[in-house]
Amino acid sequence: MKFFIDTANLDQIKEAHDLGILDGVTTNPSLMAKEGITGEANVIAHYKAICAIVDANVSAEVISTTFEEMIKEGEALAKLDPKIVVKIPMIKDGVKAIKYLTGKGIRTNCTLIFSAGQALLAAKAGASYVSPFLGRLDDISTDGLQLIEDIRLIFDNYGYPTEILAASIRGPLHIVNCAKLGADVITAPLAAITALLKHPLTDSGLATFLADHAKASGK
Ligand code: E4P
């Protein structure tokens, strides 16, 4: 399973990259705004800064909503760096834009997926990734993991090459459950990824090993 980090924070992207397990970065307009990145020139510079840190793909989201504007924006984003994957919202013009950009050899990530039907349409249009939002479904008492399972079944039934990029991940258990269900990729905040490291028995076991070694060495 591939690990993407879901942030526009350069320090966190560096930290995940240094861990050696990073396969990609996802951003969205809210994450960019959280870092105080506003204005077209600053947004573009920030995408370039992210691409310079990672040896991995970087999802950059369009902010337009018509077919003509989305393909123009998508082509411009794709030209910034070969690592860029154009993130397109699941709307009617978005599906058309995915089909068009795919035809031009530009990779796309269809975002804001909340149903299996939406994922199926995005795959039909040729999206490289679909991003089902687990956490936001869980937030409204709907089983986000069930959606991952359903999309996995549908894509496997027809051999769609579109990768399932589980998004809106809230914690380490979401990541483990996505791995069990066969999601191709998870995108998560750094805290959810590093939480996978933690186990109290690891900490106490290591402390005992080091103490026993020190005792045996007469230290
Ligand atoms: C990633 O592609 C999504 O934009 C992101 O995971 C949304 O997460 P949120 O629900 O925590 O905002």
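Biologist: Which strand does strand 6 pair with in the parallel sense over two bridges?

Modeller: Strand 7 (residues 163–166). Strands are DSSP runs of E, at least two residues, numbered from the N terminus, and two strands pair if DSSP finds at least two bridges between them. Val130 stands opposite Ile164 there. This is a predicted model, where local features need pLDDT of at least 70, side-chain atom pairs count only at pLDDT 80 or more, and totals for chains, interfaces and linings use all residues. Residues are numbered from 1 along each chain as its sequence is written, and side-chain values use heavy atoms, leaving out hydrogens and water.

Biologist: And how many bridges link strand 5 and strand 6?

Modeller: Three, also in the parallel sense, with strand 5 spanning residues 108–113. Asn109 stands opposite Tyr129 in strand 6.

Biologist: Are the residues of strand 6 buried or exposed?

Modeller: Tyr129, Val130, Ser131 and Pro132 are all buried, meaning under 20% relative accessible area (1.4 Å probe, protein chains only). Tyr129 and Ser131 point one way, Val130 and Pro132 the other.

Biologist: OK, new topic. Which polar side-chain atoms lie 2.6 Å and 2.7 Å from a ligand oxygen?

Modeller: One of Lys87 at 2.6 Å, and one of Ser168 at 2.7 Å. For Arg170, a side-chain N or O atom is 2.9 Å from a ligand oxygen.

Biologist: How much of the ligand's accessible area does the protein cover?

Modeller: 84% of the 350 Å² that the ligand has on its own, by the Shrake-Rupley method with a 1.4 Å probe.

Definitions and conventions. Buried means under 20% relative accessible area, exposed over 50%, partly exposed in between (1.4 Å probe, protein chains only). Helices (H or I, at least four residues) and strands (E, at least two) are DSSP runs, numbered from the N terminus. A polar contact is a pair of N or O atoms within 3.5 Å; within protein, one must be able to donate a hydrogen and the other to accept it, and residues adjacent in sequence count only if both atoms are side-chain atoms.
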